Amino acid sequence: MGRGPAQGRCGLSDLRLLLDASLPGAVVDEIEHGGELTLEIEPERLLEVARMLLGPPSAFALLADLTCADFPDEPGRFRLAYQLASIETGARVRLRVWAGAEDPQVDSVVPVWPTANWHEREVYDMFGVRFRGHPDLTRIMMPLDWEGHPLRRDYPLGGEEVTFSDAV
Amino acid sequence: MPSDAGQDALGGGFPLATEAREALEVARREGRGLTETERAIAAAEATTPEEAVERTHAAEVAEDPGVNRPMLINLGPQHPSTHGVLRLITELDGEVVRDLHPVIGYLHTGIEKQCENKTYWQGITLVTRMDYLAPYSNTHAYCMAAERLLGMEIPERARYLRVIMSELNRIASHLVWLGTSGLELGAISVFFYTYRERDEALDLGEMISGDRMNSRYFQVGGCAKDVPPGFETALRRFIRRMPGRIDEYERLLTQNQIWLDRTKGVGILPPSELVALGVTGPALRAAGVDYDLRKAAPYSGYQHFDFQVPTGTAGDAYDRYLMRVREMRESCRIIEQALDGLPEGSHIADDRKVVLPPREELATSMEALIHHFKLVTEGFRVPAGEAYVAVESPRGELGCYLVSDGGPKPYRCHVRDPSFVNLQALRPMARGAYLADLIVIIGSLDNVMGGVDR
């Protein structure tokens, strides 16, 4: 692993080889770009991969960030990005998971990294992706009665009604 | 305010409870119960403080005298000690916090959505508004993410200037933290001392960038301008005086019995739990975890400087105070080394497809004029891809995640703000603490609500 993923056999990263050996089929694709390693994970197997990466030898104890991007033309539509970091080695890797266009859902990683709690709430609030098994999946930025998910590409930038207009 | 609002658990006809009522309806439609946070907000909004007191009294009379029912107190969002618009719904048992539910989003301005609709260089101005006490860190992460997508190398001088300004920003940010944290605990004089130096730091920022706050100095490709005349002398004077000034703050606080009593042993979590909660920065290092991105994954040439990363042992509010004070001293050392070794050369890359041409060329060169026009109206195009670049901001790991589709505007721009993540640790830290200590814990985490809500 190290900084800037070391290449193992067949040009695959050590991390991919490790995951392929213990969880065959969980990693769908591997992209290396600008010194950053991205592993695309089969959505159903996200939790297994997360548990595996948390433990030794990779020890990705810190889930630095979890966010989403909306691609309305892609079949999976919502692409989640998990930025993992190892406190011990300083290594980094990004996991990529597609949540699906209709009824987007993935497993919550809160049991593995508790920090995901608010990140997943933010993704739910902003994109409408639901996280199975999340302990408290509530809107976090927008008011509880807000309609729609603002960071979706089909959500308009302007023209919302002014809130609290009834109080004037 | 209608007094029957408390009758219905979700407040019939009580305007504040509309949000909670809607939430219940949504939950019913979706065939699920209320979530923890929804229940807390609903309960807090369905009661006025008077009703809460009345109910607690009623419960005390009616129930077994040995049973203590928690009292629900809404703290914030407008409260002087919450460092901005943080709302905490606290369940109190006497003076002890049984549980608390942070409610955020009051400062949500949709900056990430705005960034998708602005060109890359317009986005720099927007991200300075996120963590408004660390504009240099925000722009540092954002510009480096764009540079990584562009595959761009920036001149050595620009890297040094970025280090200098980031460290000056760290000092200014820690000074605000120290002053306001002192205020909350009644150590009012510290505020006057720290704001004196903070003002000098802002003056220096004004000299170099033109802005005292929300400085937009870092540019994709380097820095917007070279250092103005007199800047180096002024900055050297500042860092020469600073250690003595830090001694002054320490004389006021480090051995101060009241300060010790209020901060020692407050807000402790084991290091493993802090990592699991994603806490970074001084709050993590105070617990003894040596994790600083300037050392763990050096960027902008931090590996060339000789500096220490202070770590604590107890991980309480006092250790967090010590960490920040020591970090200010180390920042002075870094700035001094950077000034001594400041390389000659350009402050910005010479790539006319990305970087604005020098102002003086516009009058004489047609090509420069065309480049300028294209860059200002359309912006530069960034190759498709994604990048996540993190820097060590005064509060911890500040990361910028950019997704590009090859156009002149980011397809997605997300900022991982340390304030947002660190705030999650507040709940486990405050459980079982006194209400008065809750204020200390909020202060010691040093959250900037602009960064939390973005």
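**View 1. Chain B and chain A bury about 4300 Å² between them, with 56% of it on carbon and sulfur atoms.** Buried area here is the accessible area (1.4 Å probe) that two parts lose on being put together, summed over both. On the chain B side, B:K113, B:E386 and B:Y411 lose the most area to chain A, together 16% of what that side buries. The contact (heavy atoms within 4.5 Å) takes 53 residues from chain A and 52 residues from chain B.

Before going on, please note that this is a predicted model, in which local features need pLDDT of at least 70 and side-chain atom pairs count only at pLDDT 80 or more, while totals for chains, interfaces and linings use all residues. Residues are numbered from 1 along each chain as its sequence is written, chains are lettered from A and ligands numbered from 1 in the order in which they are written, and side-chain values use heavy atoms, with hydrogens and water left out.

**View 2. Seven salt bridges are counted between chain B and chain A.** A salt bridge is a side-chain nitrogen of Lys or Arg within 4 Å of a carboxyl oxygen of Asp or Glu. Here B:E386 pairs with A:R94, their closest N and O atoms being 3.5 Å apart. Strand β6 (residues 385-393) of chain B gives the largest share of the side that touches chain A, five residues; strands (E, at least two residues) and helices (H or I, at least four) are DSSP runs, numbered from the N terminus.

**View 3. A salt bridge joins A:D20 and A:R16.** The closest N and O atoms of this pair are 3.2 Å apart. Because A:D20 and A:R16 are four residues apart in helix α1 (residues 14-22) of chain A, about one helical turn separates them. Over all chains, the structure holds 51 salt bridges.
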